[in-house]
Amino acid sequence: MASLESLTEDLLVRIYKGLASDGDRKSWRLVCRDFHRIDALTRSSLRVLRVEFLRSLLANYPRLDTLDLSVCPRIDDGAVAVLLTSRGSPWAFPRAASSSLSPPGRDPLAWTRGLRKLVLSRSTGLGHHGLEQVIRACAYLESVDVSHCCGFGDREAAALSCGARLREVKMDKCLGVTDVGLAKIAVGCGRLEKVSLKWCMEIGDLGVDLLCNKCVDLKFLDLSYLKVTNDSLRSIGSLPKLEVLALVGCSLIDDTGLQFLGGGCPLLRVIDMSRCNGISSCGLISVAKGHEDLVQLNASYSLTECSSILLRCFKDLKNLNAIKIDGARVSDSAFKALSNCTSLVEIGLGKCIGATNLGLMRLVSGCVNLRVLDLTCCHSITDAAIFAISDSCRNLTCLKLESCNMITEKSLYYLGSFCLLLEELDLTDCGGINDTGLEYLSNCLELSCLKLALCPTISDKGLGHIASKCRKICEIDLYRCNGIGDDALAALSSGCKKLRRLNLSYCSDVTDRGMEYLGQLEELWDLEMRSLFNVTGVGLMALAAGCKRLADLDMKYCENVDDSGFWALAYYARNLRQINLSHCNISNMGLCMVMSNLTRLQEAKLVHLNKVTVEGFELALRTCWVRIKKVKLLAALRFKLSSDVRETLHSRGCKIRWD
Amino acid sequence: MATSRKVTLLSSDGESFEVEQSVAVESITIKDSIEEGSAGNPIPVPKVNSKILAKVIEYCKKHVESAKAEDRVDDEDLVAWDADFVKVDQATLFDLIRAANFLNIKSLLDLTCQTVADMIKGKTPEEKRKTFTIRNDFTPEEEEEVRRENQWAFE
């Protein structure tokens, strides 16, 4: 009997695990009760979209180890309180009756014991009370992410410190946290291994020192953009297990601090010191000399010059994989020194003064294992350099050539002949390339990300070549490519079914016909289409109805789209998370429909909506104030909007930007 | 030399198969019973009939042979051979899964389970049911609830 059900449950679980896509797993759970149960018992990670379903989902998925609530609107203290009551029936949420598909008597709070990772990034409505409740309830939690909850401060940090088993804390952009809050976390969570505090500007040396004293198991530390000084580096140097350190934009650090680092952190492998204006080659030398096992070194836009002693140091770093010295002046001898580091896989030379053809040829003669090469704004390089690069580095996967305007179709011929593993190519502002070049490039069948912004010389024909052969394309940037029109979109819609990200801004030849083609791209997720004058409501309707996964839409200046398009958007684009409608001719009613129907919308830019009155804005904002997180409005509206609306938005953690 | 030792396997329907020991021990179950000394000769393999046992032996032989070959080029050939090997009717495929599970041959189990997963990829629930003759035992309300969760609730 060829029945799938005759297989035992563990065998069915094996088959279920062979299904990689979300769509297949969802289809599986609709087949029959047994399959539904297998999905419920095997699924380990969930990203919840709507809070009404949260409680029943948590009750039915007992084996969850990861819960992502970052895109779920209305996560607040009240929601947490309901989630954590142990009473059986969750009648608080109207839709989610206790599921007849889950066996009776199952403990609705079992999920708290299994959860290891909780993502609450951008959950701006949550307060310290709710946060503390959920941290205490999930006693085995190891990782929590509250990044971009900009209103979070020391009370929320204190709530996090209740998680004694926490190993990983991400608090990027929690702007209110100070040394006091960090101290609480350091004392309460002694097992921390990974801490990220980017942009938490109130934190200083005192907090960092305490963190390093209390959390000796730290392996990963990100203090980017903080106003920490050399004293912090002295404390960090004492961490015995630190492997990854990020200090991007720490302008108060200089070479003295780097010397502390050079003498400490014996296991350091990755260091990012980009945009630190206080450091120089000298400091980097002390870091390099102290850490022979260094794997990645990023000093982009920090160095003015790469001294020859520094470059000779690199030769001793046998495991060096990646080095970024963007913005520095480099000489030909520098390239010669770098070419001795044959283990290099990634090199960043963006905006490097002195990058010449000869230098690059020397570089790639030694560094044949190169996969990623950034030559942004290296204006003096020509096709000869690209020939050398393609010929030597056959494993090249990512090449950035923005503003290299001497590059012609010959370079693309070389790439298409030798670098068949190429996945990412940036040709922004490369005025020398044309359709023939794109035809040569289409031999790179692994191409997934192609940037052609500001290339007026390419047309539908060139893009047609790419679309017909490069089936793995996920991202294309055609910003201000005047030669692009509907036919290019036709080619993309039939050839590049995996397209997720597309930028068509200012490609004004695109009409409703092009939009219809776009509607056939089911995976389209992020679309920028500024200033497309020839697109009307018909086009927007076709787009919205077809691209069901659209999450990010920028249609600023699309002035000829009328309300019929916006009504369609409100009806179909249920997954929309971010929208820019500035300078569009949407009416009061249209705006109200969009803001109220799109329940996943979190960010909206609504500047210069000439047909919308103050009452229109009031109404629209009232329909979504429980879930909107960021909104951009005309400055003049500041004094016309009622204080009621502004206060409620503020108390829900919504950020208003006045333009 | 252990490599030339042969063992005899007895299928559930009474047929004997003589194989090299190195091939037979691809199955952890058989390997364990040989090492414990609890297996007689011939080694009985209940639950697996001769047709399936023949296929399993064919698989193990091929994999043992290619492990011996030094060439890495054989990897691609092996993948192609595996793909051909699983081009059988559904009943045989499920029997192979059960046999691989019972005999504890991990690579064969992974191969066959992934084959079934690939067969049902992209199919709607109704198509999945038709392919494998499964009955839809949801009530209409339950089915509606699951459908709604699929569409709106999570990713």
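In what order do the 3 strands of the open sheet in chain B line up? The views below start there. This is a predicted model, where local features need pLDDT of at least 70, side-chain atom pairs count only at pLDDT 80 or more, and totals for chains, interfaces and linings use all residues. Residues are numbered from 1 along each chain as its sequence is written, chains are lettered from A and ligands numbered from 1 in the order in which they are written, and side-chain values use heavy atoms, with hydrogens and water left out.

**View 1. The open sheet of chain B.** The order is S2-S1-S3, with mixed pairing. At the edges sit S2 (16-20) and S3 (43-44) of chain B, each pairing on one side only. Strands here are DSSP runs of E, at least two residues long, and helices are runs of H or I, at least four residues long, both numbered from the N terminus. Two strands pair if DSSP finds at least two bridges between them. S1 (residues 6-10) of chain B and S2(B) pair in the antiparallel sense over 5 bridges. Look for Lys6(B) opposite Glu20(B), and for Thr8(B) with Glu18(B) as its bridge partner. The hairpin of S1(B) and S2(B) has 5 residues between the strands, and Gly14(B) takes a positive phi near 85 degrees there.

View 2. Buried means under 20% relative accessible area, exposed over 50%, and partly exposed in between (1.4 Å probe, protein chains only). Helix H3 (residues 50-68) of chain B lies across S1 and S2 of chain B and runs at about 10 degrees to S2(B). That angle is taken between N-to-C directions, on a scale from 0 to 180 degrees, with axes fitted to C-alpha atoms, for helices over the stretch in contact.

**View 3. The nonpolar cores.** A nonpolar core is a set of buried Ala, Val, Leu, Ile, Met, Phe, Trp, Tyr and Cys residues joined through side-chain atoms within 4.5 Å. The largest one has 208 residues, and Ile236(A), Leu425(A), Leu478(A), Leu502(A) and Leu553(A) touch the most other members. Apart from it lies another core, of 48 residues, among them Phe17(B), Ala99(B), Leu103(B) and Ile120(B).

**View 4. Helix H18 of chain A and its packing.** In H18 (residues 409-418) of chain A, the buried residues are Ser411(A), Leu412(A), Tyr414(A), Leu415(A) and Gly416(A). They pack against helix H17 (383-392), strand S14 (398-400), strand S15 (424-426) and helix H19 (435-441) of chain A. Contact means heavy atoms within 4.5 Å.

**View 5. Ser70(A) in its loop.** Ser70(A) is in the loop between strand S2 (66-68) and helix H5 (77-83) of chain A. Ser70(A) counts as buried because its relative accessibility is 11%. Its side chain makes a 2.7 Å polar contact with that of Asp68(A). A polar contact is a pair of N or O atoms within 3.5 Å; within protein, one must be able to donate a hydrogen and the other to accept it, and residues adjacent in sequence count only if both atoms are side-chain atoms. Leaving aside neighbours within four places in sequence, Ser70(A) is in contact with residues including Arg47(A), Gln602(A) and Lys629(A).
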